[in-house]
Amino acid sequence: MTVPLEVRDIWYGYPGGKGDVLKGVNLAVERGEVLAVVGLSGSGKSTLCYCLSGIVPHIYQGNLRGQTLIKGTPTTSMKIPEIATRLGIVFQEPDNQLFSPTVEDEVAFGPENLCLSREEIGERLELALKQVGMEGFRFGSPNQLSGGQKQLIALASVLSLDPEILIFDEAMSQIDEQGKAGIKSVIVGLKERDKTIVMIEHDFDNLDVADRVLLLRDGVLQPFEGRL
Amino acid sequence: MKTGLKGLDPRSKLVLVLCLSTLGVFIQDIGILTAVLCVSIALSTASGSRLFVLIRKFRRILWLFVAIAVIQSIFAPSGRVLVSLGGIKLITAGGLYKGVAMVLRMSIVMVSATIMATSNSREIVQGLVQWKVPYEIAFMVSVAIRFLPLLTDEIKNVVTAVQLRGIELDRIPARQRVKVYSYLIMPVVSGAVIKSRELATTMETRAFRAYPKRTSYMVLTMQRIDYTVIITSLITSILTLILYIKC
Amino acid sequence: MIEPYIELDDVSFAYERCAPVIGGLSLKLYKEQFTAITGPNGSGKTTLGKIMTGILRPQKGCVIICGRDSAGMKLGEIGQRIGYLFQNPGLQIFAPSVQEEISFALGLKGCSKEEIDSRVSRSLRDFDLTNLSDAFPFKLSRGEKQRLAIAAVLVNKPDFLILDEPTTGLDMERRRALSDILLGLKEKGIGMAVISHDRVFIDRLADRTIKMHGGEIVEDRT
């Protein structure tokens with residue numbers, strides 16, 4: 001059986017940047033596995049997420065060697081929207097990933113693109129909002145939410161796509177204790193449904209849901225032994 | 001549920017706005033232009049726009065309108081001279097007339113645009129999609145339109161941030177102030193560009209354009225009032241134009 | 001009796017066409033205390049911080065800074081006394097390079113070139129930004145932007161600091177480094193209010209913890 005998400009010897013440097021950020025990253029994440037990646041800020045964790053989701057090389061070109069395979073298909077041979085039907089990514093900065101006038105439009109946007117029926121979109125919308133505990137804000141504007149609430153909506157907008165692979169780039173950084181506990185139970189639920197999950201984390205408290213923790217340091221992944 | 005003009009379908013609003021601005025562009029007569037402007041103001045208020053809030057917000061740039069009228073009259077002098085300076089005809093009756101017409105025209109376009117602004121961007125996109133505009137184009141238009149508020153947000157943030165560093169912008173000498181502003185232009189614009197690119201990337205990572213088709217969770221339905229508004233505005237504008245050309 | 005540095009008297013605030021976010025809140029903040037402001041998402045913490053700095057002006061009640069009603073103070077005037085860190089650091093960086101970001105205000109305030117250089121290089125070192133000094137700020141990672149924004153605020157030597165979620169995007173080591181720097185500032189007598197969820201961070205630094213819920217203070221513990 002093919003591995004859902006696999007990285008083969010990736011080297012990458014941004015265009016105009018000083019040298020490579022990633023220097024030979026190898027990784028395979030199984031179905032139903034939650035992998036956490038930790039590392040100092042600036043160590044290239046977000047860049048790794050870009051490489052996993054095809055944003056590198058489709059959006060940021062730069063110097064890329066090696067390849068990312070999603071269910072055996074290299075990301076270079078798929079366009080981003082095509083990748084998005086299998087892989088969902090939540091970015092770090094909530095302000096830069098909400099673009100709709102209402103929360104409902106925001107969360108419905110993904111399933112609409114998947115051409116689901118209106119009934120199913122409605123169901124997914126309700127479920128996703130319930131999972132992040134933001135049902136009460138459905139008809140409000142994302143602009144008027146607080147930082148943490150915006151993160152929850154960004155998360156719901158990807159959950160509603162129900163992809164097989166999920167990538168969370170510090171997606172809980174501004175969320176309160178109660179919200180974090182909720183999200184962690186969502187992650188456990190996704191794992192039980194055999195989803196593949198990669199989470200970038202700064203908060204060691206959130207690592208308890210992970211099956212495996214790796215440290216990104218000096219451009220390579222290594223086992224994490226409790227110290228960055 | 002919103003009622004009356006407030007609950008109008010975005011498509012009806014679009015027709016209404018197009019009619020009003022067409023009249024504004026074609027008609028030269030100040031009397032009729034004033035009438036069209038009054039109708040626009042009335043309709044804008046009735047549709048629930050925040051016209052007067054906006055006017056108060058932008059009152060500082062209202063003098064720009066007067067300036068446009070004066071400049072227009074300087075560059076297109078005709079008729080009786082009203083004010084002259086050293087042999088140069090500054091304000092002439094004909095020029096002033098054209099200037100005022102110009103201001104009225106701009107006001108009509110802007111006031112009628114506020115009617116459109118009472119629908120949110122998703123509703124307008126949906127209106128276009130249901131009018132068989134390809135969804136990619138409809139969304140791209142909305143992304144392009146969003147760039148402007150992104151830029152103003154960015155400017156507002158930077159001005160706030162600069163002041164929060166303890167700099168009183170209105171206290172520093174004018175020459176230095178110009179230097180500060182010009183220094184900030186590049187980062188402000190590139191900040192807005194980066195942000196809009198990130199938004200576009202996010203849309204793609206949510207499978208935008210994965211398939212040639214797309215479902216819409218939102219469905220707009222035209223009510224009787226929508227048909228009434230569309231038909232009335234079309235007939236009224238065509239009649240007005242015909243009468244205007246004939247007379 | 002010590003004078004409060006910032007005093008809020010029966011302050012209410014609502015965003016345009018929305019329900020009030022802050023309702024009739026009174027609060028005194030002292031320079032001698034390190035105050036932490038916590039509470040669930042959407043409880044009005046960020047709004048409160050923005051009201052204290054004058055970015056948002058309350059519809060009701062008043063904010064008194066150093067004994068003066070801030071309604072009559074320009075943002076630039078408040079900025080000379082209070083340093084503020086936005087929740088999203090991307091909103092407050094604007095210069096074409098990292099070092100210019102830090103030196104920006106110093107130049108306009110008429111500091112000498114030597115002084116600017118020494119303060120900037122000190123600040124770059126404190127926040128581990130020396131090797132990024134010529135980088136374009138918008139292209140930094142989230143954590144780097146956060147450090148840059150804090151550095152740019154601190155280099156102006158404010159009397160009082162309001163930091164909105166300063167540890168977001170910072171790794172453990174850098175959180176520790178930040179809390180060391182803040183402790184140092186506290187010893188120098190700089191007042192601080194920190195909005196944060198980060199319990200470890202707060203526990204290490206705060207003398208006083210204010211808990212918010214639904215736009216009100218529900219707990220105030222010293």
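Chain A and chain C bury about 2,000 Å² between them, and carbon and sulfur atoms account for 44% of that area. The model is a predicted one. In this interface, 25 residues of chain A are in contact with 24 residues of chain C.

Start with the charges. The rule finds 2 salt bridges across the interface of chain A and chain C. In a salt bridge between these chains, the side chain of A:Glu177 meets that of C:Arg199, at 3.4 Å from N to O. Which helix of chain A gives the largest share of the side that touches chain C? Helix α6 of chain A, residues 147-159, does, with 4 residues. By class, this side of chain A holds 5 nonpolar, 12 polar and 8 charged residues.

Now turn to chain B. Here 37 residues of chain A are in contact with 27 residues of chain B. The area buried between chain A and chain B is about 2,900 Å², and 59% of it comes from carbon and sulfur atoms. The count of salt bridges between chain A and chain B is 3. B:Arg206 forms a salt bridge with A:Glu106, with the closest N and O atoms 2.9 Å apart. Between chain A and chain B there are also 15 residue pairs in polar contact, both residues at pLDDT 80 or more.

Several elements of chain A build the side that touches chain B. At least two residues each come from α3 (80-84), β6 (87-90), α4 (103-113), α5 (118-131) and α6. Of the elements of chain A, α4(A) gives the most to this side, with 9 residues. The classes on the side of chain A that touches chain B are 22 nonpolar, 8 polar and 7 charged residues.

Last, look inside chain C. Strand β3 of chain C (residues 34-38) pairs with strand β9 of chain C (residues 208-213) in the parallel sense, over 4 bridges. There, C:Ala36 stands opposite C:Thr209 in β9(C). β9(C) also pairs with strand β10 of chain C (residues 216-221), in the antiparallel sense and over 5 bridges. In that pairing, C:Ile210 stands opposite C:Asp220 in β10(C). What do β9(C) and β10(C) form? They form a hairpin with 2 residues between the strands. C:Gly214, in the turn, has a positive phi of about 55°. In a regular strand, side chains alternate between the two faces of the sheet.

Notes
Residues are numbered from 1 along each chain as its sequence is written. Chains are lettered from A and ligands numbered from 1 in the order in which they are written. This is a predicted model: local features need pLDDT of at least 70, side-chain atom pairs count only at pLDDT 80 or more; totals for chains, interfaces and linings use all residues. Side-chain values use heavy atoms; hydrogens and water are left out. Contact means heavy atoms within 4.5 Å. Buried area is the accessible area (1.4 Å probe) that two parts lose on being put together, summed over both. A salt bridge is a side-chain nitrogen of Lys or Arg within 4 Å of a carboxyl oxygen of Asp or Glu. Ala, Val, Leu, Ile, Met, Phe, Trp, Tyr, Cys and Pro count as nonpolar, Asp, Glu, Lys and Arg as charged, and the others, Gly among them, as polar. Two strands pair if DSSP finds at least two bridges between them. A polar contact is a pair of N or O atoms within 3.5 Å; within protein, one must be able to donate a hydrogen and the other to accept it, and residues adjacent in sequence count only if both atoms are side-chain atoms.
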